[in-house]
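Hi there,

Here is the structure I promised to pass on.

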Amino acid sequence: MADSSFDIVSKVDWQEVDNAINQTSREIATRFDFKNVGAEIKRSGEKIEMKANGEERVRAILDVLQTKFVKRGLSLKALDPEEPRLSGKEYKLDANVKEGITQDDAKKVAKIIRDEGPKGVKAQVQGDELRVSSKSRDDLQAIQALLKGKDLDFPLQFVNYR
């Protein structure tokens with residue numbers, strides 16, 4: 001019998017990210033506490049840029065964005081905000097959207113699978129994803145449950161289960 005396998009990836013649905021940004025933009029345009037503060041949010045590539053005339057206002061924009069991320073089913077672990085910085089007369093805050101599993105993170109996950117997972121389960125790093133294979137589908141489901149229970153600092157999805 002052939003081995004069963006699945007891939008562990010860390011991907012972001014960019015359409016949902018754009019939807020969350022658009023909802024945030026609409027909300028800050030209509031909310032009373034954002035009137036006349038120059039509040040603005042936009043995305044360029046993998047970076048989300050927020051601007052306002054005060055540090056607490058730019059942090060409030062980030063808070064609204066995080067709320068929209070959660071409502072749209074996006075993981076907050078994919079959002080990596082920096083500290084607000086003063087740029088001229090306004091404060092700016094950039095947040096990077098992380099996608100893909102780095103080599104170090106892939107090695108960390110593979111070590112968890114080796115140390116705590118069932119015997120006979122193999123994990124191979126393939127670019128920015130991790131292929132997990134085993135003869136037993138029950139072992140693969142145990143690996144998924146194990147990884148869901150871990151508090152990793154990046155989001156995981158399980159794809160190509162076969």
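Before the notes, one convention: two strands pair if DSSP finds at least two bridges between them. Helices (H or I, at least four residues) and strands (E, at least two) are DSSP runs, numbered from the N terminus. Please keep in mind that this is a predicted model, in which local features need pLDDT of at least 70 and side-chain atom pairs count only at pLDDT 80 or more, while totals for chains, interfaces and linings use all residues. Residues are numbered from 1 along each chain as its sequence is written, and side-chain values use heavy atoms, with hydrogens and water left out.

The open sheet

Let me start with the sheet. Four strands make up an open sheet in the order β7-β8-β1-β9, with antiparallel pairing. Its edge strands are β7 (122-126) and β9, each of which pairs on one side only. On average, and ignoring direction, neighbouring strands here are turned by 30° against each other.

β7 and β8 run antiparallel and are joined by five bridges. Glutamine 126 faces glutamate 129 of β8 across this pairing. The hairpin of β7 and β8 has two residues between the strands, and glycine 127 there takes a positive phi near 70°. Next along, β1 pairs with β8 (residues 129-134) in the antiparallel sense, again over five bridges, and phenylalanine 6 stands opposite valine 132 in β8.

Two helices go with this sheet. Helix α3 (residues 103-116) packs on the sheet and touches β1, β7 and β8, where contact means heavy atoms within 4.5 Å. The direction of α3 makes about 20° with that of β8; axes are lines fitted to C-alpha atoms, for helices over the stretch in contact, and angles run from 0 to 180 degrees between N-to-C directions. Helix α4 (residues 137-149) lies across β1, β8 and β9 and runs at about 20° to β1.

Rings and a charge

Which rings pair up? For this, rings of Phe, Tyr and Trp (its six-membered ring) must have their centres within 6.5 Å; planes under 30 degrees apart count as stacked, over 60 as edge-to-face and the rest as tilted. That rule gives one aromatic pair. The pair is edge-to-face because the ring centres of phenylalanine 6 and phenylalanine 158 are 5.5 Å apart and their planes stand at 85°. It links distant parts of the chain, since the two residues are 152 apart: phenylalanine 6 belongs to β1 (residues 4-9) and phenylalanine 158 to β9 (residues 157-159). Phenylalanine 6 has 0% relative accessibility and so counts as buried, while phenylalanine 158, at 22%, counts as partly exposed. Here buried means under 20% relative accessible area, exposed over 50%, and partly exposed in between (1.4 Å probe, protein chains only).

There is also a charge over a ring: the charged end of arginine 57 sits over phenylalanine 34, 5.2 Å from the ring centre. The cut-offs for this are NZ of Lys or CZ of Arg within 6 Å of the ring centre and within 35 degrees of the ring normal.

Helix α2

Arginine 57 is also among the buried residues of α2, as are Val58, Ile61, Leu65 and Phe69. The helix (residues 55-71) has 17 residues and reaches 25 Å from its first C-alpha to its last, close to the 24 Å expected; that expected span is 1.5 Å times one less than the number of residues. The cover over its buried residues includes α1 (14-30), β2 (40-44), β3 (47-52), β4 (79-81) and β6 (90-97). Just after α2, glycine 73 takes a positive phi of about 80°.

A few single residues

Lysine 51 lies in β3 and is buried, with a relative accessible area of 18%. Leaving out residues up to four places away in sequence, its contacts include Glu40, Val58, Ile61 and Glu90.

Arginine 43, in β2, counts as partly exposed at 32% relative accessibility. Beyond its neighbours within four places in sequence, arginine 43 is in contact with Trp14, Val17, Asp18, Ile21 and Ile48.

Finally, asparagine 36 is in the loop between α1 and β2. Its phi is near 60°, a positive value in a residue other than glycine. Asparagine 36 is exposed, with a relative accessible area of 78%.
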